[in-house]
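Please have your viewer open and follow along.

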Amino acid sequence: MSRPDYDFSSPEAIAAVVEEQVAHLRETIGSDRVICALSGGVDSAVTATLLHKAIGDQLTCIFVDHGLMRKDEPAQIEAVFRDQFKMDLVHLDREDRYLGLLAGVTDPEEKRKIIGGEFWKIFFEEAEKLDGVKFLAQGTIYPDIIETGTEGTEHVKYHHNVVPFPEGVHFELVEPVKYFYKDEVRKVGAYLGLPDHIVWRQPFPGPGLGVRVVGALTKEKLDILREADAIVREEIAAWDTQRSVWQYFCILVDVQCTGTEDGKRTYARPVVIRAIRSTNAMTADVAELPYELLTKLSTRIVAEVEGVNRVTYDVTPKPPATIEWE
């Protein structure tokens, strides 16, 4: 699928792209209402902010909290979009529902389909309570379209943004950033005045930590991963003041390994750190983090996160690997 020839080379050029998108949204939507699937990531955040700039109170954002978020993220989403930007935000806490559906599921594609499919079920349950909604907005970006696969292209993985409308329900799709790469989305977000911690927020898959816990999901595993991931994000962000590392996160693998603590044998989980350099997510190189930083990360994770006794570093570029493990 070809995309328009956008120019993001200067502030003036970015402003022109934004105004073009805003004008197109106003013309497309008119006086109708829009619901936006808001995850809090930069893609959906920029989608919501573009829409809010274009149509204001005609927009309602729905945040489905599946319990697969990173540490403290639901509260941060509330603070930015409801408190700061004054958007109409519906926050739905559905952690227990998701954990029940995902119990025992190990296949990554099946996890993605359950997480994405249930998201839309919950989303439409809420959407049907609203009157006068004609459009559904979501933060699809260009790599999503490529990796999901279009006619004549190879499918890489299932993406949550393939909308399975329930029988008898349909909204027209609005996808303002679907032809943008990640770096371009960030430039638009900065222009729109989103705070740095949203614009430069670590890329996060739609299924959340559900595809960063390899194997079956449990709340215990998710909590271990949340704590380890928070340490990695804190330490690398403090070291990487120039934002040279594009993405960094943790994976919890479905094995246990031996270790030692206070002269006694332990049997706990290993955590894998992944850090890459990229501009558009289509290819990625491994970030060569200094050994001192890796040592600090390992020391903190093993000392502070109960249930972890080993830390490893993934040194595989994309391709042949994908950025995420699942």
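## Backbone, helices and cores

P319 sits in the segment after β10 (308–314); helices (H or I, at least four residues) and strands (E, at least two) are DSSP runs, numbered from the N terminus. This is a predicted model, where local features need pLDDT of at least 70 and side-chain atom pairs count only at pLDDT 80 or more, while totals for chains, interfaces and linings use all residues. Residues are numbered from 1 along each chain as its sequence is written, and side-chain values use heavy atoms, with hydrogens and water left out.

Back to the prolines. K318 and P319 are joined by a cis peptide bond with omega of about -15 degrees. The bond from P319 to P320 is cis too, with omega near 15 degrees, and P320 is likewise placed in the segment after β10. For context, most peptide bonds are trans, and most residues other than glycine have a negative phi.

Which residues have a positive phi without being glycine? K86 has one near 60 degrees, and D262 has one of about 55 degrees. K86 lies in the loop between α3 (73–84) and β3 (88–93), and D262 in the loop between β7 (257–261) and β8 (264–277).

The table gives relative accessible areas; buried means under 20%, exposed over 50%, and partly exposed in between (1.4 Å probe, protein chains only).

| Residue | Relative accessible area | Class |
|---|---|---|
| K86 | 60% | exposed |
| D262 | 73% | exposed |
| E118 | 7% | buried |
| L209 | 0% | buried |
| C250 | 0% | buried |

Now for the helices. Helix α4 (residues 95–102) packs with helix α5 (residues 108–127) at an angle of about 145 degrees, the axes being 11 Å apart. Axes here are lines fitted to C-alpha atoms, for helices over the stretch in contact, and angles run from 0 to 180 degrees between N-to-C directions. From α4, R97, Y98, L101 and L102 take part, meeting α5 residues that include K111, I114, E118 and F119; contact means heavy atoms within 4.5 Å.

E118 belongs to helix α5. Not counting residues up to four places away in sequence, what does E118 touch? The list is R97, Y98, L101 and K113.

Aromatic residues come next. The structure holds 11 aromatic pairs, where rings of Phe, Tyr and Trp (its six-membered ring) pair if their centres lie within 6.5 Å, with planes under 30 degrees apart counted as stacked, over 60 as edge-to-face and the rest as tilted. F119 and W120 make an edge-to-face pair, 4.7 Å centre to centre with 80 degrees between the planes, and both residues are buried. One aromatic cluster is formed by F119, W120, F123, F124 and F171.

F123 also matters to the count in the largest nonpolar core: among its 50 residues, F123 and I301 touch the most other members. Such a core is a set of buried Ala, Val, Leu, Ile, Met, Phe, Trp, Tyr and Cys residues joined through side-chain atoms within 4.5 Å. Helix α5 gives the most to this core, with eight residues.

L209 is placed in the loop between α8 (196–199) and α9 (219–239), and its C-alpha atom is 14 Å from that of R274, 65 residues apart along the chain. C250 is in strand β6 (residues 247–252); beyond four places in sequence, its contacts include R212, L225 and D229.
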